[in-house]
Amino acid sequence: MKVLVIGGSGFLGTELIRQATTAGHATVATYASRPGTSSHVSWHPLDLRDPGRLDAVMAEVGADVVVNVSSGNADWAVTAQGPVRLAMAAAKYGCRLVHVSSDAVFSGARVDYDESCLPDPVTPYGAAKAAAETGILLAYPEAVVARTSLIIGDGRSVHERVVHELAAGTREGVLFTDDVRCPVHVADLAAALLELASDRGAAGIHHLAGSDAVSRHGLGILIARRDGLDASRLPTGLRARSTLPGALDVRLDSRATQRNLSTTLRGAHQFMRATV
């Protein structure tokens, strides 16, 4: 299987490349600003806002499957429109598409969300991700849209770095006790994405999040304990009292997708005790 990773230089993209190459898949990756560090893949610059460049990369690579793990934050042209262009290109060249979306498509009004729940975003980023989901599945119904949550990974994620800086007193801020998500380990997420990529029967919406609902502060405590930090130094706060927009409690229910995966989507309490 030849795999094209869109956004391969990022945190998730790096792990996806590692697992794909280890499994023996021919792997190619794109980058927006600078290539990643893996020497086992060929790197192609790509701006998803440029349809001509996208078509050229797709034609040159000739991938069997494309996995889009790129992130354009709230940039509508990149995060909403870019993935739809990618879906149209994947349909044109007859390759599978797995697109990574986010729990930011939900408001938190109902707390628990399975794959049947319709998006109701409350932030520009969430709106862009929700628009991408809709456009992708309209343009290419055979595509997979995989929603996920906070991605954690052996000290390499943004949240883990924040916890270390807060514990060391080198960063200002708090960890919210009312901001709840279902964190997933980057290795579990990458493995599950590759499973969905190779399963031609998979299509539509899938949830790939950990099995534990944990607050940002609760996750910080787990990180501190694992890494030998003083958890009492982690400042707390309430997101509901802050000016930061976004949902409070969003819990992705991944049980339906999990039943069809050999990869176990571990909860934070489990993967914080394990070495991957």
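Cys95 is buried, at 3% relative accessible area. Buried here means under 20% relative accessible area; exposed is over 50%, and partly exposed is in between, with a 1.4 Å probe and protein chains only.

Before I go on, some ground rules. This is a predicted model, where local features need pLDDT of at least 70, side-chain atom pairs count only at pLDDT 80 or more, and totals for chains, interfaces and linings use all residues. Residues are numbered from 1 along each chain as its sequence is written, and side-chain values use heavy atoms, with hydrogens and water left out.

Back to the cysteines. Cys182 is buried too, with a relative accessible area of 4%. How far is the sulfur of Cys182 from the closest cysteine sulfur? The distance is 13 Å, to Cys117, and that is too far for a bond. A disulfide needs a pair of cysteine sulfur atoms within 2.5 Å. Searching the whole structure gives 0 disulfides.

Next, the helices. Helices are DSSP runs of H or I with at least four residues, strands are runs of E with at least two, and both are numbered from the N terminus.

Start with α6, residues 186–198. This helix has 13 residues. From first C-alpha to last, α6 reaches 18 Å, close to the 18 Å expected at 1.5 Å a residue. The expected span is 1.5 Å times one less than the number of residues. Is α6 enclosed or open, and why? Of its 13 residues, 12 are buried, so α6 is largely enclosed by the rest of the structure. Among the buried ones are Asp188 and Glu195, along with Leu189, Leu193 and Leu196.

That leads to the core. A nonpolar core is a set of buried Ala, Val, Leu, Ile, Met, Phe, Trp, Tyr and Cys residues joined through side-chain atoms within 4.5 Å. The largest one has 30 residues. Those with the most contacts inside it are Leu12, Leu16, Val67, Val69, Leu193 and Leu208. At least two residues of this core come from each of β1 (2–6), α1 (11–22), β2 (26–31), β4 (65–68), β5 (96–102), β7 (144–148) and α6. Helix α6 gives the most, with 8 residues. Apart from this core lies another, of 21 residues, including Ile6, Leu48, Met58 and Ile136.

Take Val69 as a close-up. Leaving out residues up to four places away in sequence, Val69 touches Val5, Ile6, Gly7, Leu12, Gly13, Leu16, Val100 and Leu193. Contact means heavy atoms within 4.5 Å.

Now α1. Its 12 residues should span 16 Å at 1.5 Å a residue; the end C-alpha atoms are 17 Å apart, which agrees. Buried in α1 are Leu12, Gly13, Glu15, Leu16, Ile17, Gln19 and Ala20. Just after α1, Gly24 has a positive phi of about 90°.

Helix α5 (residues 158–168) packs on helix α7 (residues 216–227) at about 75°, with axes 10 Å apart. That makes α5 roughly perpendicular to α7. From α5, the contact uses His159, Glu160, Val163 and His164. From α7, the residues include Arg216, Leu219, Gly220 and Ile223.

His159 of α5 counts as buried, at 10% relative accessibility. Excluding residues up to four places away in sequence, His159 touches Ile152, Leu175, Arg216, Leu219, Gly220 and Ile223.

Glu133 sits in helix α4 (residues 124–139). Glu133 is buried, at 3%. Its contacts, not counting residues up to four places away in sequence, are Ser101, Val105, Pro119, Val145, Arg147 and Ile205. Arg239 is in the loop between β14 (236–237) and β15 (251–252). Arg239 is buried as well, at 9% relative accessible area. Beyond residues up to four places away in sequence, Arg239 touches Asp178, Asp179, Arg181 and Arg216, among others.

Which phi does Asn73 take? Near 55°, a positive value in a residue other than glycine. Asn73 lies in the loop between β4 and α3 (76–93), and is exposed at 53%. Asp154 has a positive phi of about 50°, though it is not a glycine. Asp154 belongs to the loop between β8 (151–152) and α5. At 38% relative accessibility, Asp154 counts as partly exposed.

How values were computed
Axes fitted to C-alpha atoms, helices over the stretch in contact; angles between N-to-C directions. Parallel < 35°, antiparallel > 145°, perpendicular 65-115°, else oblique.
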